[in-house]
Amino acid sequence: MDTELQQRSTRAGRIGRLIAIAVLFLSFLVLVGWWLDISILKNILPGQVSMKANAAVGFALAALALGLSGGASGLWRERIAVGCALAVAVLGAATLCEYLLPVDLGIDQLLFRDAPNAVATSHAGRMAPGTAVDFLLVGVALWLVRRPRAVLVAHVLVVLVVVSA
């Protein structure tokens, strides 16, 4: 039975790393789209909302946290993964603060300038409130999943993100 559990765990780790690589690659493409102003890389369908640059960074950080979570353990991997997870949570929380408190923290257009008349965007360069909530929850979940007694809470947070999507 232990061997079957180990095989499932190994398989889940591989799947997690593959997902992390795919998300990291897509985030990179979106950032290249912003850098070179290539619309198709920023938004797949013309006339639709683009993925904001800070959201692409949030996805990349979450992918790094996930990718570094499995496999061989090491103190540096753990620290980078935790740092990335907490950065995702802080990005989500800071964006929520910008929405809830009429304040501009300057994170919306820190990397790239968004068009002032961007499609369905209330603030230039700012990710949607739902995305900010999801980043907060995913960041906390990626941080909690490292604590054996908090794994269930991490799973519940991820389910909330999936249900809200």
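Asparagine 43 sits in the loop between α2 (39-42) and α3 (53-69), where helices (H or I, at least four residues) and strands (E, at least two) are DSSP runs numbered from the N terminus. The model is a predicted one, in which local features need pLDDT of at least 70 and side-chain atom pairs count only at pLDDT 80 or more, while totals for chains, interfaces and linings use all residues. Residues are numbered from 1 along each chain as its sequence is written, and side-chain values use heavy atoms, with hydrogens and water left out.

With a relative accessibility of 13%, asparagine 43 counts as buried. Buried means under 20% relative accessible area, exposed means over 50%, and partly exposed lies in between (1.4 Å probe, protein chains only). Apart from neighbours within four places in sequence, asparagine 43 is in contact with Gln48, Val49 and Ser50; contact here means heavy atoms within 4.5 Å.

The protein as a whole has six helices and zero strands. Read from the N terminus, its elements run α-α-α-α-α-α. Of its 165 residues, 33% count as buried. Among the contacts in the protein with a separation of 6 or more, 59% come from residues 24 or more positions apart.

Helix α1 (residues 2-36) contains serine 27. This serine 27 is buried, its relative accessible area being 3%. Not counting residues up to four places away in sequence, serine 27 touches Ala56, Phe59 and Ala60.

Helix α3 also packs against α4. The axes of these two helices, α3 and α4, come within 8 Å and cross at roughly 150°. Axes are lines fitted to C-alpha atoms, for helices over the stretch in contact, and the angles run from 0 to 180 degrees between N-to-C directions. The angle makes α3 roughly antiparallel to α4. Angles under 35 degrees count as roughly parallel, over 145 as roughly antiparallel, 65 to 115 as roughly perpendicular and the rest as oblique. The crossing of α3 and α4 is left-handed, a term used if the near helix is turned anticlockwise from the far one by less than a right angle, with right-handed used if clockwise. On the α3 side the contact includes Asn54, Gly58, Leu61 and Ala62, and on the α4 side it includes Arg77, Ile80, Ala81 and Cys84. By class, the contact of α3 with α4 has 12 nonpolar, three polar and one charged residues. In this scheme Ala, Val, Leu, Ile, Met, Phe, Trp, Tyr, Cys and Pro count as nonpolar, Asp, Glu, Lys and Arg as charged, and the others, Gly among them, as polar.

Helix α3 has a further partner in α5. Their axes are 10 Å apart, and α3 and α5 pack at an angle of about 20°. That makes α3 roughly parallel to α5. The crossing of α3 and α5 is left-handed. From α3, the residues Ala55, Gly58, Phe59, Ala62, Ala65 and Leu66 meet Phe135, Val138 and Leu142 of α5. The contact of α3 with α5 is made up of eight nonpolar residues, one polar and no charged.

Helix α5 in turn packs against α6. The axes of α5 and α6 come within 8 Å, crossing at roughly 155°. This angle makes α5 roughly antiparallel to α6. The crossing in which α5 passes α6 is left-handed. Residues of α5 including Asp134, Leu137 and Val138 meet residues of α6 including Val151, Val153 and Ala154. Sorted by class, the contact of α5 with α6 has 12 nonpolar, one polar and one charged residues.

A search of the whole structure finds two salt bridges, a salt bridge being a side-chain nitrogen of Lys or Arg within 4 Å of a carboxyl oxygen of Asp or Glu. One of them joins the side chains of aspartate 37 and lysine 42, at 2.8 Å from N to O. Aspartate 37 is exposed, with a relative accessible area of 55%, whereas lysine 42 counts as buried at 13% relative accessibility.

Arginine 146 forms a salt bridge with glutamate 78, and the closest N and O atoms are 3.4 Å apart. This pair links distant parts of the chain, 68 residues apart: arginine 146 lies in the loop between α5 (129-144) and α6 (151-164), and glutamate 78 lies in helix α4 (residues 75-100). Arginine 146 counts as buried at 19% relative accessibility, and glutamate 78 counts as partly exposed at 37%.
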